[in-house]
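Student: I have a structure open and would like to learn how to read its features. Can you take me through some of them?

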Number of protein chains: 2
Amino acid sequence: MEYTILDNDKVRGYIQDTPELMAILGEGELSIQEVGDGNLNYVYIVESSKSKIILKQAVPYLRIAGEGWPLSRERMNYEIRALSYFREIAPSFIPTIYHANEEMSVVALRFLENHIIMRRGLMEGIRYPKFAEQITDFLAASLLKSSSLYLSSESKRALMDRFNTNTQLCKISEDFIFTFPYMEHDSNNINPKMVSVQKELQNDTEFKVQMLKLKYLFMNQSDALLHGDLHTGSIMLNKDETYVIDPEFAFFGPFGFDIGALIANLLQSYVSHFERTRDSDYQQWLLETVEAIFVKFEAKFLDHWNRTDESALIAHGYADEAVLASFQKQFMEMIFRQSVGFAGAKMARRLFGIAGVEDITGIDDPDARARVEKKSLAIAKRFVKEYEKIGNVKELIGMIKQESE
Amino acid sequence: MEYTILDNDKVRGYIQDTPELMAILGEGELSIQEVGDGNLNYVYIVESSKSKIILKQAVPYLRIAGEGWPLSRERMNYEIRALSYFREIAPSFIPTIYHANEEMSVVALRFLENHIIMRRGLMEGIRYPKFAEQITDFLAASLLKSSSLYLSSESKRALMDRFNTNTQLCKISEDFIFTFPYMEHDSNNINPKMVSVQKELQNDTEFKVQMLKLKYLFMNQSDALLHGDLHTGSIMLNKDETYVIDPEFAFFGPFGFDIGALIANLLQSYVSHFERTRDSDYQQWLLETVEAIFVKFEAKFLDHWNRTDESALIAHGYADEAVLASFQKQFMEMIFRQSVGFAGAKMARRLFGIAGVEDITGIDDPDARARVEKKSLAIAKRFVKEYEKIGNVKELIGMIKQESE
C-alpha cells in the first residue's frame with residue numbers, strides 16, 4: 001500500500017480495507033474524530049456500536065511545527081516495533097495492538113477509556129497506590145529481557161538491529177535534553193524570572209562536564225531497549241492499571257535512562273506541589289513512590305536475572321554464587337547511579353529547554369513558578385554533579401529534601 | 001554473481017572476468033598459489049610479469065576446523081567495509097584495495113612484499129623504531145573519527161549500522177577472550193605445567209568479576225569502529241612502514257579494546273624474551289614501545305579531537321575551554337584504564353584458551369614456558385583487577401616490572 005496521509009474520510013476507507021480492524025469494529029456506522037493534541041502524529045478515535053479504538057498515523061513532519069520541520073515518518077516503525085516488543089515482554093502494561101502497518105505509518109490500539117494521562121492525575125493530586133509496583137514490573141522486565149544479561153549475543157544484536165537507525169528521534173533527545181538547554185540556543189524557552197539562574201548554569205563548568213558524560217552514555221551505552229521518552233505524559237493509568245504508550249523514541253541505550261525520566265517527572269510533580277496544592281502528605285507520597293520505584297526495580301530486575309540460566313554475558317558454568325553476587329552488587333549500583341544522573345538531566349532540561357512540563361509551566365504566578373523551578377534545579381544539580389558517587393536511595397531522598405525544604 | 005568457492009583454476013577465471021584486476025595484472029601468464037596458512041579464509045598470491053596481488057576468499061565455514069564448523073562468509077563483508085573505512089581514514093596503514101566483491105566474499109589487496117608479520121619480527125628480536133609512531137597514527141585516527149567525538153549523530157549511526165550484525169565474530173571474541181579460558185571448557189588448551197595455576201584462577205572471584213565487567217563493556221559500549229583483533233599477527237611491517245590487515249572482527253566497541261590487544265601482544269613478547277633471547281635491552285625497547293603507544297595515542301587522539309569544530313557529542317557553542325579540558329582529562333583516563341583492563345584480558349586468555357601466541361607456545365621447554373606464562377599471568381591479573389584505579393603510564397610500567405622481574 002502506497003503511503004498517503006489520512007484524514008477522517010480516508011480513515012474510514014482504510015478501516016474498511018483492513019479486515020482485522022473490521023473484525024474489531026463491526027459493519028455498522030463509524031464515528032471518527034481526530035484528537036488534535038498529538039505533538040508528532042495524527043491520532044484518531046474511531047468508535048462503532050461495537051468497539052472504540054485509537055488509530056495513529058505518523059506524517060513526514062513534526063505535527064506541532066508543521067511541514068517546515070521535516071521528521072521522517074519512519075519513527076512509526078520504531079514505535080510499532082517497540083510496542084510489539086513491550087507487549088510481548090510485559091503484556092499487561094501495553095494496550096492491545098489491533099493492527100500495524102509500517103508502509104502506511106499506522107498503528108491501531110485499544111482505546112483506554114478509563115485511564116488518564118499520569119501527568120494530569122499528578123497535577124490534580126491523585127494517588128496511584130499500585131503505580132510503583134506496576135511500573136517496576138514493566139521496567140524490570142523490558143530492560144532486563146532486552147539486555148545481554150538475558151538474551152543470547154545473537155538475539156541481542158538482532159533486536160538492536162531493529163532499532164539502531166532510529167536516528168532522528170535519538171538526535172532530538174541528544175539536542176534537547178543534553179545540549180541546547182545549557183547553552184545559548186533559539187529553541188530555549190524560560191520563565192523570565194529564571195534568566196540569571198540560566199546564565200549561572202551556562203557557566204557552571206562542573207555541571208556541563210557531567211552533562212557531557214551523561215550525553216556520552218546516552219549515545220554510546222547500548223544496555224537495553226528503552227522506551228526513550230518515559231515521562232508521565234507517556235503513561236496512562238487509573239488506580240488499578242498502568243499503561244505505557246508512545247514509544248517512538250525507542251532505542252538501545254543505558255539502563256538508567258527510562259528510570260531517570262520517570263523519577264524526574266515524579267520529582268517535578270513533587271516540587272510543583274510546594275505551590276500547586278501545598279499538600280505535604282501528597283508530596284510525601286510522591287517521595288515514597290520514588291523510593292519504592294528504586295527498591296522494587298532492583299529487586300525485580302535481580303529476580304529476572306537470577307532466573308536466567310545463561311545469557312550473552314554469563315555462560316552456564318562461568319560464575320559461582322560469589323562471583324554473581326559481587327558482580328550484581330556493583331552492576332545495580334551502576335544502574336542506580338546512572339538513573340540519578342539521567343533524572344537530573346531530565347529535570348534541568350525542562351526548566352530551560354524547548355519543552356517544559358505543565359506541572360511547572362502551569363503555575364501562573366511567575367514568582368511562584370520560579371520558586372518551584374529553583375527547587376527543581378537545586379535537586380537536578382546535585383543529581384548531575386554527584387550521580388557517580390551517590391550511595392543509596394535513602395541518601396537520595398535526604399538530598400531531595402535538603403534541596404527543596 | 002552467484003557465490004562459488006574458488007580454487008586455483010577458478011581464481012584465474014575470476015581475474016579474467018574482473019577488469020580492475022586485469023588492469024593491475026595485465027594480459028600475460030598468471031602464477032597462482034594458495035598460501036594455506038589462513039585460519040579462516042583461503043588466501044591466494046597471484047603474480048604476473050607486471051604485478052603481484054593477494055586475493056582472499058571467505059568460505060562458509062572456519063577453514064582450520066573444516067566444514068564441521070560453519071561460520072558465515074558474511075564476515076568478509078565486514079572485512080571489506082572495515083578495510084575501506086580504515087583506508088579512507090588512515091590510507092598509509094592499509095594495503096591498497098584493488099577489488100572487493102561482497103557476493104563472492106572476495107577481496108584483492110596489494111601484496112606486501114617487503115613486510116613481515118610483526119609477531120615473527122618480535123620473536124626474532126627485531127626493533128621497529130617507527131612502529132609506535134605509525135600505529136598510534138592509525139589508532140588515533142580510526143578510533144576518534146568513527147566516534148561521536150567526531151562524527152555527527154546521523155553519520156555515527158549510519159556507520160554503526162554497517163557493522164552491527166557482525167554477530168558471529170563478536171560472539172567468538174566474547175566466548176574465547178572473556179569466558180571459556182576462565183572456566184572448565186573443552187576448547188581450552190594449556191601447558192600441563194599450568195594446570196594448578198588455571199584452577200586457582202578459576203576460583204579467583206575478584207578476577208572473574210572484573211572479567212565480567214570487561215566483557216560487559218565489550219558487548220555494550222559502542223564508542224568506535226574497532227579492528228577487533230589487533231594482535232601482532234594482524235600487523236605487517238618493516239623498519240619503515242606499518243600495515244594493519246585482517247579486520248574481519250570489526251565492530252563498534254570500546255575505545256580501549258584495540259589498544260589493549262596491541263599492548264597485550266607487546267607484553268607477551270616482553271615476557272617471552274626472559275627465556276627466548278634473555279636480551280634485556282630488547283625487553284626495555286618493548287616496554288618503551290608500550291609507554292610510547294599510550295603517550296602518543298593520547299596526544300594524537302586529543303589533537304584530532306581539538307581540531308573537530310562540532311561533533312555528535314559537543315555542539316558548537318556548548319563547551320568553553322574549561323569544560324572541554326576537564327571532560328577530556330576524565331575521558332582520556334577512562335580510555336587508558338579500559339585499555340589496561342582489556343590488555344589484561346587478552347594476556348590471560350592466551351594462557352588458557354583455545355589460541356595461544358607463538359611467542360610463548362613456541363618455547364619448547366615446558367618449564368621455561370611455564371615461567372614465562374606465570375609472569376604473563378601475574379601482569380594480566382594486576383591489569384584486570386586494578387584497571388579501574390590505575391593512574392598513569394609510569395605506574396603501569398612499574399607494575400609490569402614488579403610482576404615480571
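Student: Start with strand pairing. How many bridges join β6(B) to strand β7 of chain B?

Tutor: This is a predicted model, so keep that in mind throughout. Two strands count as paired if there are at least two bridges between them. Here β6(B) and β7(B), residues 106-110, are joined by four bridges and run antiparallel.

Student: Which residue is the bridge partner of A100(B)?

Tutor: Look at V107(B) in β7(B), which is the bridge partner of A100(B).

Student: What is the strand order of the sheet in chain B?

Tutor: Follow the pairing from strand to strand. The order is β1-β2-β3-β7-β6 in chain B, an open sheet of five strands with antiparallel pairing. β1 (31-34) and β6 (97-101) of chain B each have a single partner strand, so one side of each lacks a neighbour in the sheet. From one strand to the next, the twist averages 20°.

Student: Which helices lie across these strands, and at what angles?

Tutor: Take two cases. Helix α1 of chain B, residues 8-16, lies across β1, β2, β3, β6 and β7 of chain B, and runs at about 130° to β1(B). Helix α3 of chain B, residues 75-89, lies across β2, β3, β6 and β7 of chain B, at about 35° to β7(B).

Student: Now chain A. Into which domains is chain A divided?

Tutor: Domain 1 covers 8-110 and domain 2 covers 116-404. The contact draws 22 residues from domain 1 of chain A and 28 residues from domain 2 of chain A. The centres of these two domains, taken over C-alpha atoms, are 27 Å apart.

Student: What area is buried between domain 1 and domain 2 of chain A?

Tutor: About 2200 Å², with carbon and sulfur atoms giving 68% of that area. Polar contacts between the two domains number 10 residue pairs, both residues at pLDDT 80 or more. On the domain 1 side, helix α3 of chain A (residues 75-89) gives the most, with nine residues.

Student: How many salt bridges are there between the two domains of chain A?

Tutor: The general idea first. Side chains of opposite charge can pair when their charged atoms come close. Between domain 1 and domain 2 of chain A the count is one salt bridge. D246(A) and K56(A) form a salt bridge, with their closest N and O atoms 2.7 Å apart.

Student: And which parts of the chain does the salt bridge of R120(A) and E358(A) link?

Tutor: That pair meets at 2.7 Å, N to O. The two residues link distant parts of the chain, 238 residues apart: R120(A) is in helix α4 (residues 118-123) of chain A, and E358(A) is in helix α13 (residues 358-361) of chain A. Over all chains, the structure holds 52 salt bridges.

Technical notes
Residues are numbered from 1 along each chain as its sequence is written. Chains are lettered from A and ligands numbered from 1 in the order in which they are written. This is a predicted model: local features need pLDDT of at least 70, side-chain atom pairs count only at pLDDT 80 or more; totals for chains, interfaces and linings use all residues. Side-chain values use heavy atoms; hydrogens and water are left out. Axes are lines fitted to C-alpha atoms, for helices over the stretch in contact, and angles run from 0 to 180 degrees between N-to-C directions. Contact means heavy atoms within 4.5 Å. Domain bounds come from an automatic or database domain assignment. Buried area is the accessible area (1.4 Å probe) that two parts lose on being put together, summed over both. A salt bridge is a side-chain nitrogen of Lys or Arg within 4 Å of a carboxyl oxygen of Asp or Glu. A polar contact is a pair of N or O atoms within 3.5 Å; within protein, one must be able to donate a hydrogen and the other to accept it, and residues adjacent in sequence count only if both atoms are side-chain atoms.
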